[in-house]
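Colleague: I have a few minutes before group meeting. Could you walk me through this protein, one question at a time?

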Amino acid sequence: MWSFEQQLGKAEAEGTEAARSAVAAALAAHSDGREAADPTYLQLFLLKYVCSEPDCFGTLVPLAPDATTHACNLCGAQRTDAEFMAELESSMAT
Ligand SMILES: [Zn+2]
């Protein structure tokens, strides 16, 4: 049985690259459509693409098709994939 919590616990122990792999695996696991409405996938999707500024709720979109930096379409706040991973790791550490 695949457990996202186990993956994250492992990722915290092994560092950012492992965390990135865990997220990639979590996202890739759903690319074939077997589990279209998984709450963990939805949570990750929202964490990655919804602006983290308080009371904004804008959508983070890539600055370019292959960019690793996303910008909010409402307040203009920018966040890189690296910053997202750092935020994800700190939120999982609590
Ligand atoms: Zn925003």
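Colleague: Happy to have it on screen! Among contacts in the protein between residues at least 6 apart in sequence, what percentage join residues at least 24 apart?

Modeller: Good place to start, and please keep in mind that this is a predicted model. The contacts to consider are those between residues at least 6 apart in sequence. Of these, the share that joins residues at least 24 apart is 24%.

Colleague: Let's turn to helix packing. Are α2 and α4 roughly parallel or roughly perpendicular to each other?

Modeller: Helix α2 covers residues 16-28 and helix α4 covers residues 81-93, and their axes lie 10 Å apart. At this contact T16, A19 and R20 in α2 meet M85, L88 and E89 in α4. Those residues divide into three nonpolar, one polar and two charged. The packing angle is about 90 degrees, so α2 and α4 are roughly perpendicular.

Colleague: Nice. How do the residues of the contact of α2 with α3 divide into nonpolar, polar and charged?

Modeller: From α2 come V23, A26 and L27, which meet T40, Y41 and L44 in α3. They divide into five nonpolar, one polar and no charged.

Colleague: Are α2 and α3 roughly parallel or oblique to each other?

Modeller: Helix α3 spans residues 39-49, and its axis is 10 Å from that of α2. The crossing of α2 past α3 is left-handed. With an angle of about 120 degrees between them, α2 and α3 are therefore oblique.

Colleague: One last residue, then. Is E83 buried or partly exposed?

Modeller: E83 sits in helix α4. Its C-alpha is 9.2 Å from that of T69, a residue 14 positions away in sequence. A residue with 12 or fewer C-beta neighbours would be exposed, and one with 20 or more would be buried. E83 has 14 of them inside 10 Å, so it counts as partly exposed.

Methods:
Residues numbered from 1 in each chain as written. Predicted model: local features only at pLDDT ≥ 70, side-chain atom pairs only at ≥ 80, totals over all residues. Contact = placed C-beta atoms within 7 Å. Axes fitted to C-alpha atoms, helices over the stretch in contact; angles between N-to-C directions. Helix = DSSP H or I, 4+ residues; strand = E, 2+ residues; numbered from the N terminus. Parallel < 35°, antiparallel > 145°, perpendicular 65-115°, else oblique. Nonpolar A, V, L, I, M, F, W, Y, C, P; charged D, E, K, R; others polar. Left-handed = near helix turned anticlockwise from the far one by under 90°.
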